[in-house]
Amino acid sequence: MRPEIHALEEAMAGEGYIADDAIATALLLTEDLRKPLLVEGDAGVGKTEIAKVLARLKKTELIRLQCYEGLDVSTALYEWNYPRQMLRVRMAEREGLAAEAMEQTVFGRSYLLERPLLRAISRREGPAVLLVDEVDRADEAFEAFLLEVLSDFQVTIPELGTIRAEHVPYVVLTSNCTREIGDALRRRCLYLHLDHPSLEKEVAILRSRVPRASETLALQIGRFLKALRERRLMRRPGVAESIDWAQALVRLHIGVLDLEAVKATLGCIVKDRRDQHDLGESELVRLVDGAAHPEVLAS
Amino acid sequence: MRADLLTHLAVFAGALREAGIRVTTGDEVDALRALVLADLGDPEDVRLALRCTLKVRPRDERTFEMLFTRLWLGRAGERTAGRPLGENGPGHPRSPLEAGPSGLAGHERKVEEPEGEERGASREALLRRKSFDRWDERDCLLLERLMARLASRLATRRGRRLRPVHGRGRVDPRRSLRRALATLGEVVTFAKREHPVETARLVVICDTSGSMDGQGRFLLAFVRALKRVARSTEVFVFNTELVRVTSLLSAGEEQAALSALARAVPDWSGGTRIGESLMAFASRHLSELVDSRTVVLIFSDGLERGDPEILAEAMRCIRARARRVIWLNPLLSDPRYEPSARGMAAALPFIDRLAPAHDLESLERLVPHLSL
C-alpha cells in the first residue's frame with residue numbers, strides 16, 4: 001500500500017492539503033472498503049478540508065450536510081414542495097382528475113425537494129463526496145437515522161417507495177468531540193483522529209497555502225503556535241488560525257515576527273478574551289523570542 | 001498465509017479487548033479487509049491500517065501502540081511496558097496534585113484536618129452545624145411539598161423537533177396537504193405541530209460513607225421527592241461499592257425504605273472509594289442510563305481515599321455523555337472549605353456546577369439546573 005499512500009499524499013499536496021501517512025491511509029481505506037470515515041479532532045485542524053480535497057481529487061461534487069441540534073429529516077433528507085403541490089392540486093381540480101391519479105402526480109419525483117443525504121444517494125453522475133459536518137452537534141435521534149442511511153445507502157419515502165443509491169458516495173463525518181459519538185455509528189465508520197500538526201507539517205502547510213509568506217516567517221509562525229498550543233488555553237488555535245495569521249502578516253508586509261506585530265494581530269490566533277488577558281506582555285516576549293531562536297524556548 | 005493472518009488478528013484483537021479497548025467482530029472484519037490490501041512487510045502500513053479500522057481513539061492510543069509493538073512486531077524485550085496503564089509501581093512519581101509543593105497540598109491538609117480524627121469532636125461539630133442533620137419527619141414532609149411545587153420548573157425546555165399535536169400549534173403543511181387530498185385538495189382542517197416540552201432524566205449517585213453520615217436521611221427524602229417528579233430518575237449509592245437502589249426507593253414508608261437500603265448497601269457509613277465507584281457506574285450503567293438528556297447529580301464531599309486519577313477518568317467518561325453534571329457537596333457551605341481536596345480537585349474540570357447542599361435554600365436554587 002505504501003506507494004499508493006505516497007501517491008495520494010502527493011496528489012493531496014497538489015490540491016494544497018499536506019497530509020501525513022495516517023490521513024492518506026485512512027482515505028485509501030475509505031475508498032477501498034467503501035466505508036464512511038469518521039474524523040475527530042479539535043476545531044481548526046483540517047477535518048472539513050479532508051472532504052473538500054477528496055472531492056477535488058475525485059473531480060466530483062461535494063455535498064455538505066451541516067449538523068445542528070434539532071436537525072431533522074425534512075432538512076437532511078427530503079421535503080415535499082408544498083406550494084407546488086398545492087398549485088397542482090388546484091389545477092387538477094379544474095381538469096377534473098380523479099383523486100388517485102392526482103395523488104400519483106403530486107407525489108412524483110419532480111415535487112420532491114432533495115436535501116443533502118438524498119442528493120448524495122440519488123446522484124447519477126458517479127459517486128459524490130458527502131460531508132456530514134460536526135455530527136456531534138446533532139442529537140442522538142438523528143445519529144440513529146444517519147446510521148440507517150449510511151449502512152444501506154437507501155432511503156424509503158412512503159409516497160414514492162425505496163430509492164437505492166446509484167453510486168455509493170464517499171462519506172466523511174467530522175466531529176469536534178463536544179459529545180461522544182454513539183458506539184453504533186462509530187462502528188459503522190473507519191476512524192481517524194486528527195491532532196494539531198507537527199512543526200514541519202505546519203510549516204509545509206503554511207508554505208503551500210500562503211505562498212507569499214517567506215520560509216523564515218512560516219517557520220516562526222509554526223514555532224510560535226507550537227509553543228502557544230502547549231499553554232493552557234480556553235481555545236487552542238488550529239491550522240486554520242495559523243493560515244489566517246500568516247495571511248494577515250503578509251498583508252501587513254511583516255517578514256519577521258516582532259512583539260509589535262504579534263500584539264497587533266493577536267486576534268487572528270487567540271480568540272478568547274480571557275486567553276488574551278492571560279497572555280501577558282512578558283509571555284508574548286518569550287514566545288516571540290522563542291519563535292526567532294528556538295533554543296530559548298527549549299531552555 | 002491468510003489463515004495465519006486471521007489468527008494473528010484475532011489474538012491481537014483479544015489482547016486489545018483485555019486491555020479495555022472495545023473491539024467488535026465488525027471491526028475485526030474491517031481490519032482484515034484492510035490488511036489484505038496492506039503491505040504486510042511494512043509495519044507502519046499495518047499499524048496505520050489497524051488504527052483506522054479498529055477505531056482506536058486518542059485515549060486508547062498508548063495501549064494500542066504498546067500492544068502493537070509487543071504482539072504484532074513480536075518485540076519481547078518491551079514486555080516490561082506491558083503493565084496495564086494506571087498501575088503505577090510504588091516508586092512511580094505520584095500525580096502533580098499530590099506532589100504539588102505548596103498551594104494544593106496545603107489546602108488539602110486543611111480540609112483533611114478534621115478528617116484525621118475521623119469521628120472526633122471537631123468533625124461532629126462541622127456536620128452538626130448543618131441543619132439537615134436535625135431533620136425530623138415534619139421537615140421531610142415539607143421538603144416533599146416543596147419539591148412538588150418545584151416540579152413544574154423541572155420541565156421547562158421545549159424540544160427543537162416538531163411533533164404533531166391536536167389543537168393549538170403551528171400549521172404542519174405536510175400533514176395538512178395529505179389530509180386535503182381526501183377532500184379533493186380542499187383544506188378543511190389544518191394539521192398542527194409544536195415543539196414538545198422535554199423533561200430531563202436524572203441519575204443520582206449518593207455517597208454514603210462515614211464523612212457523609214449526617215446527610216443520609218435528608219438525601220433519602222430529597223431523592224424520593226425527585227423520583228416523584230421525574231419518574232425516570234435512577235438512584236445509586238456507594239461507599240466502597242456501587243449499588244443500584246432505584247427499586248428500593250419507589251414506594252412505601254420512609255422507615256421501610258431506609259432499612260431496605262441499609263440491608264442492600266454492604267457497608268453503610270464505611271470508607272469512601274469515589275473514583276472506583278464512579279468508574280463502576282461508568283462501565284456498567286453509563287451507556288444504558290445516561291444520554292444527552294440526562295442530568296447526573298453526584299452527592300459527595302469529595303474526600304477521596306483512592307486514586308484521584310481514576311476519579312478524573314470516571315468523571316471524564318460521565319461528562320462526555322451527560323447533558324450536565326452537577327456535584328453537590330455538603331462541605332461547600334463551610335467557608336473554610338475549598339474544593340481542593342484531591343478527589344474534588346481531580347473531578348472539578350468535569351463538573352458543570354458545583355453546589356452546596358446543606359439546607360433547603362441551597363436545594364431550591366439547584367432545581368432550575370436540573371431541567372434540560
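Student: In which helix of chain A is the place of Glu202(A)?

Tutor: This is a predicted model, and in it Glu202(A) sits in helix H10 of chain A, which covers residues 199-209.

Student: Why is Glu202(A) called buried?

Tutor: The term buried applies under 20% relative accessible area, and Glu202(A) has a relative accessibility of 1%, so Glu202(A) counts as buried.

Student: What makes the pairing of the side chains of Glu202(A) and Arg229(A) a polar contact?

Tutor: The rule asks for a pair of N or O atoms within 3.5 Å, one able to donate a hydrogen and the other to accept it; the side chains of Glu202(A) and Arg229(A) are paired at 3.0 Å, and therefore the pair qualifies as a polar contact.

Student: Which residues is Glu202(A) in contact with, leaving aside its neighbours within four places in sequence?

Tutor: With those neighbours set aside, Glu202(A) is in contact with Pro197(A), Gly222(A), Leu225(A), Arg229(A), Val239(A) and Ser242(A).

Student: Turning to the two chains, how do you know that Asp42(B) forms a salt bridge with Arg2(A)?

Tutor: A salt bridge needs a side-chain nitrogen of Lys or Arg within 4 Å of a carboxyl oxygen of Asp or Glu; for Asp42(B) and Arg2(A) the closest N and O atoms are 2.7 Å apart, so the pair meets the rule. Between chain B and chain A the count is six salt bridges, and the rule for polar contacts finds 11 residue pairs across this interface, both residues being at pLDDT 80 or more.

Student: Which helices of chain B each supply at least two residues to the side that touches chain A?

Tutor: They are helix H2 (25-37), helix H3 (43-53) and helix H9 (173-182) of chain B, and H3(B) gives the most, with seven residues. Sorted by class, this side of chain B has 15 nonpolar, four polar and 20 charged residues.

Student: What area is buried between chain B and chain A?

Tutor: The area is about 3800 Å², of which carbon and sulfur atoms give 54%. In chain B, the residues that lose the most area to chain A are Arg161(B), Arg174(B) and Leu177(B), together 18% of what that side buries.

Student: Why does Cys52(B) count as buried, and what of Cys189(A)?

Tutor: With buried set at under 20%, Cys52(B) at 4% relative accessibility is buried, and Cys189(A), with a relative accessible area of 1%, is therefore buried as well.

Student: How many disulfides are there over all chains?

Tutor: The count comes to zero disulfides over all chains.

Terms used
Residues are numbered from 1 along each chain as its sequence is written. Chains are lettered from A and ligands numbered from 1 in the order in which they are written. This is a predicted model: local features need pLDDT of at least 70, side-chain atom pairs count only at pLDDT 80 or more; totals for chains, interfaces and linings use all residues. Side-chain values use heavy atoms; hydrogens and water are left out. Buried area is the accessible area (1.4 Å probe) that two parts lose on being put together, summed over both. Helices (H or I, at least four residues) and strands (E, at least two) are DSSP runs, numbered from the N terminus. Ala, Val, Leu, Ile, Met, Phe, Trp, Tyr, Cys and Pro count as nonpolar, Asp, Glu, Lys and Arg as charged, and the others, Gly among them, as polar. Buried means under 20% relative accessible area, exposed over 50%, partly exposed in between (1.4 Å probe, protein chains only). Contact means heavy atoms within 4.5 Å. A disulfide is a pair of cysteine sulfur atoms within 2.5 Å.
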